[in-house]
Structures are given as C-alpha cells and as structure tokens.
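Welcome! Take a moment to look over the structure below, and then let us walk through a few of its features together.

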There are 2 protein chains.
Amino acid sequence: MSLMVSWLHPMLDVMAVVAILYAGFNFQTVKRVLIGEPMRTRELHASHNRLAWYIALPILAADLYSSVAYGPEAGMTELVALGPSAKWLILPITAATVILLAMLIVSYIMGVMAYPNGGGAYAIAKDNFKNSFLALVAGSSLLIDYILTVAVSISSGVQNMASAYPILAPYQTTLALLCVFIILVVNLRGVSESAKVFSYPTVLFMVCMILLIFTGFANELRHGFVQPSTPPFGTVPQGITTMLILRAFSSACSALTGIETISNSVPILRDPQQKGAIKAYIALGLITAFTLLGFAYHLYVRGLPVVPNNTLLSQLTQAYFGHGVIYQVIIWSTLLVLIMAANSTFTGFPQLAALVAGDGFLPRALTLRGDRLGYSNGMIVLAALSALLIEAFNANTNALIPLYAIGVFIAFTVAQVGLTRRWFRVRGPKWTVKASINTFGAVITASVAVIFAVTKFSSGAWVVLIVLPILILTAWSIRRHYNHIAEELRIDVKTMRPESHRVVTIVLVSGIHRVVLNTISFAISMHKEVIAVYIAFNDESAKKMEQKWEEWGEPCRLVVIHSEYRTLLQPLARFLKRVETREGGRPDHIHLVIAQFIPKKWWHYVLHNQSSLLIRAWLIRHKDVVITTVPYHLHK
Amino acid sequence: MSLMVSWLHPMLDVMAVVAILYAGFNFQTVKRVLIGEPMRTRELHASHNRLAWYIALPILAADLYSSVAYGPEAGMTELVALGPSAKWLILPITAATVILLAMLIVSYIMGVMAYPNGGGAYAIAKDNFKNSFLALVAGSSLLIDYILTVAVSISSGVQNMASAYPILAPYQTTLALLCVFIILVVNLRGVSESAKVFSYPTVLFMVCMILLIFTGFANELRHGFVQPSTPPFGTVPQGITTMLILRAFSSACSALTGIETISNSVPILRDPQQKGAIKAYIALGLITAFTLLGFAYHLYVRGLPVVPNNTLLSQLTQAYFGHGVIYQVIIWSTLLVLIMAANSTFTGFPQLAALVAGDGFLPRALTLRGDRLGYSNGMIVLAALSALLIEAFNANTNALIPLYAIGVFIAFTVAQVGLTRRWFRVRGPKWTVKASINTFGAVITASVAVIFAVTKFSSGAWVVLIVLPILILTAWSIRRHYNHIAEELRIDVKTMRPESHRVVTIVLVSGIHRVVLNTISFAISMHKEVIAVYIAFNDESAKKMEQKWEEWGEPCRLVVIHSEYRTLLQPLARFLKRVETREGGRPDHIHLVIAQFIPKKWWHYVLHNQSSLLIRAWLIRHKDVVITTVPYHLHK
C-alpha cells in the first residue's frame, strides 16, 4: 500500500486519472453511431462503378461550377468603391476571366492526355522535376486552397441562406461550422466519389442558373437591353487605376477554382477515359463560361448594388421571380451545390495529403485509411482548419476571397512548367505546339498569381504568402526527420541479429501482499538477476520490511531505500543510476517491474494512487529503462 | 513502421499525445516557484515552539471571533421582513446566542479535560462508540462546515471590502476566488499553525471592535441611550411567528462557529496545557460575548437598515468615525481576521480529513503529507470545494449562512453524547455532575441543530441535509472497498511465496529494423517461450515479412496475423485469447512486449503514431496481460 504515495504534486494524480478515464471511456460506441461499422480493406474498390462522362460531369463539376455563386459578386464588390459609373467594368473583367478559363481548360486537357491515370499538379511536378521542391510548392499551395475552398463554399452557401432568411444572419458562423461538422461526419462514414445522387444538386443548380439567365434575356427583350437601372457603359470612372481593375479581376477569378477535379478523377470514367474527360472539360467550360457571362451581363443591366445581407444572386433572382417558390428553389440549390463543392474537397484534400505524406513530407498518420476506408485523419485536419478559418473570418465570404485562389494559380503554374518540361523530354507528335501552349499557360497563370499576390496582399493574401513557405519548410523538416529515422533504424539482416543480453530486473515493492507476490513471481519466472526495491519513508517501516522479507524466505535480494522527501521517483532514479554505474559495467537492459492496480469501477481510481503510471511516464521519457507493468485486477 | 497504424479513431491519438505532453510538461518548475523546495519528513516537528495561552489565544481565536463580523448581520437580515418594529428582537436573540456560547464553552472545557491531547468531535465519538457511525456523522458534518467556513469567511471579508470600496462590488466573486487561491498557495508552502504573526490581525480586530463598542457607548452617553433613530422596544410586530424568531436565532448562531479550534490545538500550548486551554476558552468566551452584545445593542440603538452593498459593521463604523482612517483600519482588519479564519480552516480540514481517511473512510491520498509536510491533498480539496460554493452562491454571505452551522451543531451534539457516555464509563470524581452538564448540552445543541434544519430548510439547509447522508454513505462504501481489498491482498507469509511460473512472451513487431532488434534482444535475454507477432494489413506485406524473417535467421517463432480492418488491437486481442485457450493450458502469465518510440522533441510525437500507448492502455484495463514497454529513444 505504501506505493500509494503522493510523490509528485497531487494535481498530477488528477491528470493521470483524467487520462485513464479518457482511455476507459467508451469512445467506440459514439464512434460507431456516427461513423458506422468498420470496413474491410478489400472492400476498397468493390463498389466502384465507372461512369459515363455526362453522368460524371455534374458530380465533378460542383467545385468549379458552384464558384459562379460567389465569383462575380467578389469582382463586383471590388468595383463598389468607384461608384455606379464603374459597374460596366464587370463585363470586360468577366470576359477576361472566361478567356483565362478557356486557357486553363486547354492546359488541363493536355494534362489529362499526358497523365491518363489522373495527375494533379503535385504528381505532374514530381514526375518532371528531379528535386521535389516544386512538387512540394504545388502540393502545399493546393492543400491551402482546398481548405479555403471549404471555408469559402460553406460561407457563401450560408450567406445565400441568410439572404433568403434574414433571421439566420446572426448565426452564420455557427451554421457554417455545423455544415463543416456534418460534411465531416458524412465523409468519415465514407461516401463514394461516384455516387450518382451527388449529381442532382449540381444539375438542379445548373438548370436554375440557365433558367435565371434566360429569364433575364426574356426580361430584357420586353423591357429593353438598356434599362433605367443600367449604369452607363464605357465611362472612365474617377479614381480608376490599373491596380483596382486587377484587384477586381483577381477577385472574379475565384470563380475558376475547382478546375483540377476532373483531371484527378479520370479513373472513375468509363472507357475511353481520356476522351470522356476531354468531353467533360469542354462541356463544363462552355456551361461555366455561359453562366458567368450571362450572370455578369444581367447584373450590369439591372445595376444591382452590393449590400451586406443580400447576395447579388439572391437579388437577381428576386428581381425576376419575386420571393416565391422559384426563388426558394434557387437559393436552396445554391446552398446544396456549394455544400457539394465543399464535400468534393473532402475527397481531394485527404487524397493529396496522403500522397504528400506518403512521400514523407507530412505526418504518416495522413496515409492511413480509417474504419470506413477514407483517409479519415486528412478529413479531420481539413475540417478543423476550415472551421478555424470560418471562425476567424466570421463566415464572411468576401473577407476570405483575398486569401483564395493564389494557391490554385501557383499550383497551375507549377503544373504547366512541369508539362512543358515533359514535352521537351518526351517529345512525341506535335510536341512543340504542346510545349508552346503550356509555356504560354505557365506565363499567364504565373502572371495571375503575381497579380493576386500584389493586389490582394494587404487585404489578406499576405497570410497565404506567410503560411505557404512555413508549410513548405515544415514539410522539408518532417521529411528530414523521417529520413534520419529510417537511416537510424536500418539494420543489416545478415550481421545484426538479436542476441541474449545481460538484464537486471528491479521490482518495485510496496510491502508484502498478494500484488507483490504476483509481481515477484512474474519477475523470478523470467529468472534473471532480480532485485526487489522498497522505498521507506521512515526507519520504522524500513526495519519492518526487512524483517518481514526474511520471514517470507527472501525470494530475491531486497534493497531498502530511504526517502526523506516522501517521494518514490527521486530515490528510484538515484538507485537506477547506481545500477548503471556499479562495477561489472552497465547491464544491457535495466528492467523495472511495477505493479498496477486495476480497479473494477472507474471511480475507484480515485481511491488508489496511480504512482506506477506516473513513474512509468517519467522514467520512459527520461531514462533508458525497460518498464514492465504487471496489472493486478481487483476483484471487488 | 507498420506499428504506426490508426487502429482507433484518430482523436484517441490526439488524446494520447495530450496526455504525453502533460506528463512531459515541466510542472516541477511552476510548483517550485509557488510551493517552494520539498522538506524532509524529520523537519515535521522541528520548528515547533510551544506558546503561552495568552499568545496562542488570538491565533486560535480568529475562527470564532471573526464570526462577529457576519453573525449579528445574519440575524438582523432575517428580521427585516417584519419592519422596524421588530428590530429590538436582535437584543434577546443575541442574548440567547451568548447563553448558548457559554454552554458550549463549558462543554468544550470538559472535552479538553477529558482529552488533553486535543480531540475534536470525531475523536471523542470514535473513542466512546463501538460503531464508528456516529464518529462518521460528526466527522462529515465538521468537514462540510469547514468548507462553509472558508466560503462564508472569505465572502464576508470581500463583502466588507466592497462596502468600503463600492467599485469592487461587481468583482466580489472573482476577488473571493482569488483569496481562496492565495490562501491555498500559502498553505501549500506550509504555514506554522503557531506563527505569532497570525495573532496580529486578530488582536487588531479585537482592539477595533472594543474601540467601536466603547465609542458607541460614549456616543450614547452624549446623545442618549434612546436616539431618534432607535426603533421601539418590546413591540410585538405584525406577522411575528416563533418560526421567524427561531430563523433569526439560528442565523445569529453562525457567530458560534469556530469554538472547536482551541480544543484541537491543545498540544501547541505551553505547560500546563489543560489549564492554559481552559483560560483561553474563558477569555475568548468573555470577549466574544461582550463584542456580540455590544455590537447588537449599538445596531439596535442606531436602527441601521440592512442594505445590499454596505454591511452593518461598515455602516456602524461609518456612523461613529466617518469614512476616514479609523474606518479604513477597521474594514481592513475585518478582512484580515476573516482571512485568518479561513486560513485556520486550512489547518483544521486537512487534519480532520487525514484522520478520517486514516480510518479508511476517505481516499488514502488525503493522509499523505505533501512536499512542505502539510496534507496538501486535503488543502486542495478544501480550496476546490469552497471555491465551488463561492462560485455557486456568487460570494453572497447571506445566501451561504443558511447552509452554515448545522454541521457544527450536529458535531457538537455527537461530541456531547460521546462525553456523556465517557463519564458513565470512566466515572471518576463528580462524574454525575459532568454527565448531567453534557447531557443537558447534548439536548440543547441537538435542539439547535433541529431548529436550524427546520427553519432554514427551504432557504438552503436542505443542501446540507442531502449532502451529509451522501457523504456518510460514500465514506462507508469507501471503507468497505478498502477492507475488501486489504482482505483480498492479505497473504500468509509462511505458505504463500513467490514461485517461478510458466510465462509466454509475445513481442509485437512492425518489421525488421533497429527497434525490433532491440526489443527481440531484450525478450530472448529473458529466455522463455518468445513469439514474435506481426500484424499484416495485406497479403503482400505478410509474405514479405515472413521472407525477411527467414533471412534474419528466425530469432524466434513468428506468427503473422492478417488484419482486415487495418487495426492492431482486435487481431492482437484475438491472438491473446488463442494463447490463453490453446492446448497445454493457459500460461500463468501472458507477457506482451511492445516497443515505444521516444522522440527527442515533444512535437515529434505528432510524427509517430503512439499505437503502443493505446494498445497498452486498452489491454491493461481489459485483459490480464503483463505489458513490457521497451523504449527506443530516437537520436535525431
């Protein structure tokens, strides 16, 4: 019983008890209800049905196409400062965005042709550069952007809901966090990337957008293409600068995020896969371009103002359809498609993180598949970081936009440079044409990235420009750590084989009772040098123990140590040092055997000092001691 | 490396890491700064200087005498509802309180004569009743009341400060909690019960009270003993009931808490100890009676109203001295004496808790002396519970009063009954007189306890009447648990001796590398049946491992287990079950050897899955398996 001694501050006891309670808590039940039963590894590819490109299209389109819900608004917001005479600029800016979209799609089609098994910017860079630095730049940028995609999409979806139901406006942050949590749980349960049900919201949203745009045209046919509310076209607003136009352009470019999804998912397409992917890209490009241009045009014609609690999409819908059923359908489909976009990120981010972690750049835990076969650790990291962003920016889309899309454009640039290198290396038919296209693409995307960084620097881009190098440096040092360890652990199987060593076994005893009987029995069963150590807090108990030990027939050598400070740890540590340095040299292994009470009921832990746990935690961290815990399960 | 597998939900990983960080955190430094260097056990009685009774008196008086700061006010508060015509009742009520005080002092003097080495109600009851139930009732009641003493004293002190400085009023709870924390830290550092410095605040406060009362008389000599503000005397206010008078009486009795302190501290007095204690009791009784009566009389004469943010003590002082230096001195000395009262409880509670825990009724940890030789666990429990009360009652003295003093009077009653039994048993000179005094005392204190319980039931006493039986029941079940365990652990040293048993050692291996080499070397050094177990997540890794094991020269038997669910724990548990039930019978000990990575830097834990920790935590709780952890300290 004298083992039960407060040798550290009692608060450490409390902490140990808390740790035990955590471990004892039936976490599994909660997990099973939320996440479901675990799945076998071989179920991984079982439910995989390949899809025709036109069925896959809406599923893969959510990420890019949903961006139309916030891209034009983000551009328009930047023009507000210049007054109504600047509103017409949304038209050339959107046109420029669409041209950039076309170029990116051409580049991605070339990427698909080169890497039919799906290759994001990270894989392309890894394949084409000896040094993995550029691959890491691309990977880190994309990871950051994935996190922003979740934050921006969810925030925008919730903002649209709050436009429809102003009562929700004060709760946007909470609602957004709730959405992230739900998406996380659904993804931890495991969702098939290719579930057809995911295509419905996107199709619905596409239909809604097309309906909206055609209603707009019909409206303009009746009321004129220049309406009373239409701001003047082509005027040069006062205070206009190239900088301001570029800012608006880069904000509008947030509509271009998500292009990479199709190229990552080529393997889910039905044969011929490449052709399917190319068709999907062209179709997606056309419909996105049409939507962006149409939407921007109607925004201009109606001259809608940017207001805090009513998105432009909501205003335009209201203008054409009032506050009725169609309005509701459009708002809800917007929320759904944005949630789908966030949801698809919960596939993309963990896959990329697993790929990067597989190369040793991120903690290995990210490469492990969870119970439901998804990369659950990656999902949790994504959810946590995007929740943090939502919390920090109060789910405000326009505040998040300046951080967004830089990552994507950096990754685009790396991918294009990689492809260019590839054409130079592989050559093949028309390689010069391909190489020039990708070179041109690289120049453009690099320029866009620079424009982003410069124009958005003060309004938030600096965050990304600080986080990105830190992430890259951390990744490098993680890989260095893993490499060092791999080297440290490597052995030559021919020469380095396990051998029997000299072991000194020390048994910590607290008296003579059943637990000590059990512990000593175990120790002498292993039959090496066994020393029992008793730590006495006063002379009386020391003498009593020595005498009882003799009566017990001295099952092994007993060493009694006096502890003046009523602690176990320091005298024990001193004794271990003595064993290490005594004549005969240090034994190869010092082996400490400790008993641990395991009460029947968790609250009984309060009644039994868990000194063994604390001794173990300290010694294992600070000394090279093998520690054996002999549990004694109390019956009562 | 395949040990690094997420076999439980990744959040458990996070929890394990947090637990490790806690253990690794340099708690010692913080502790040393706050608490000081540890002290040797033999220093326990070194600094003990015995005191003459008149020097010890103010030190031991703080608890009782400080009660005058809130007792009369508590009684007056109860009379408020009846209007000014009831104010005169404070005089007979205070007189009754003083009579009760005299009786209690007589009883305690008899207690001191019977138990010269100090004996509280718990010790008296334990000595005089075979069954320890009544002792437990007394002990639990006192423990509860000690907690209330801290809460009430600190709250009252802070309330007086807030009367002087209204700016503090909104922060009373915070200030009170801060006081508790400071008193805790000071007591954890260790304060000698007999430090003379502790007498100064009480002497100062006594002087202040006497000054206040004589100033009152001087004032009345000049302005008349019946002043314009004096309420009528002897009128029967409308709505008066016996119940209301008893309520006011029981509130006023809160001034009687703390009488037991002297009887607990007889050993610190200079010889002749008993005579000194008796003199101290008489002196303390006289001065307390004088102060209570004088204070109550002046309150009546001035007809002061009970208001929320200005205590009666503060009002009376203001009336005589204005808001000047003397007022400041009185208010500060009130705060100090109340803090002294709380402080003396930090000696009383842990000592009593250690006594009760020593009898097995409370967790053993309460009997352990901390670094500075005080019962630090008891101090922490007291601080935590009184802080909880302060928080729950927002440091409102009048809300706490109804819970207060019941415990003391229950304990008084048990002690008197115990003394009566003692006189019947021991007899001795004038035993019949003594027995009748204590019998009478028991009847009175029991009546007071019942009056308390009935009159204060709805306003808070019910809390105590619920908590008390729960505490007693818990204490009984704790003792039953300890008794069961003592019985379970008891062995016959002649017949039950350690023997060598059959042990099966199982080594969990994650591949072939330096860590496994080290672990297997240790296991075969112990040279018993060793089985290496490898858990494979796919056929490929299983085959590879078997082949490499052969190349390695098969240092021991290898068992490869397939894990379909990518977890280590379930297949391992299944394997252990197989070992238990296979032919040849269950081995006496199943011994599992696990390697544990110990990184150099704490943040490296994130990079290494701590599966071994989690496996250990689960197995040790749920299986009868001896677990050995072989640490591998990473060099980089």
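## A helix pair in chain B

α7(B) passes α8(B) in a right-handed crossing (the near helix is turned clockwise from the far one by less than a right angle). By class, their contact has eight nonpolar, three polar and no charged residues. This is a predicted model, where local features need pLDDT of at least 70 and side-chain atom pairs count only at pLDDT 80 or more, while totals for chains, interfaces and linings use all residues. Residues are numbered from 1 along each chain as its sequence is written, with chains lettered from A and ligands numbered from 1 in the order in which they are written.

Here is how the pair packs, with axes fitted to C-alpha atoms over the stretch in contact and angles running from 0 to 180 degrees between N-to-C directions.

| Helix pair | Angle | Distance between axes |
|---|---|---|
| α7 (133-164) and α8 (172-189) of chain B | about 130° | 9 Å |

The two helices are therefore oblique to each other.

## Over to chain A

Chain A comes to 23 helices and five strands, which are DSSP runs (helices H or I, at least four residues; strands E, at least two). Buried residues make up 51% of its 636 residues; buried asks for 20 or more other C-beta atoms, placed from the backbone, within 10 Å of a residue's own.

Helix α18 (residues 431-455) of chain A has 25 residues. Its buried residues include Lys434(A), Gly441(A) and Phe452(A). Among the elements covering the buried residues of α18(A) are α5 and α19 of chain A.

Technical notes
Expected span 1.5 Å × (residues − 1). Buried ≥ 20, exposed ≤ 12 C-beta atoms within 10 Å, placed from the backbone. Contact = placed C-beta atoms within 7 Å. Parallel < 35°, antiparallel > 145°, perpendicular 65-115°, else oblique. Nonpolar A, V, L, I, M, F, W, Y, C, P; charged D, E, K, R; others polar.
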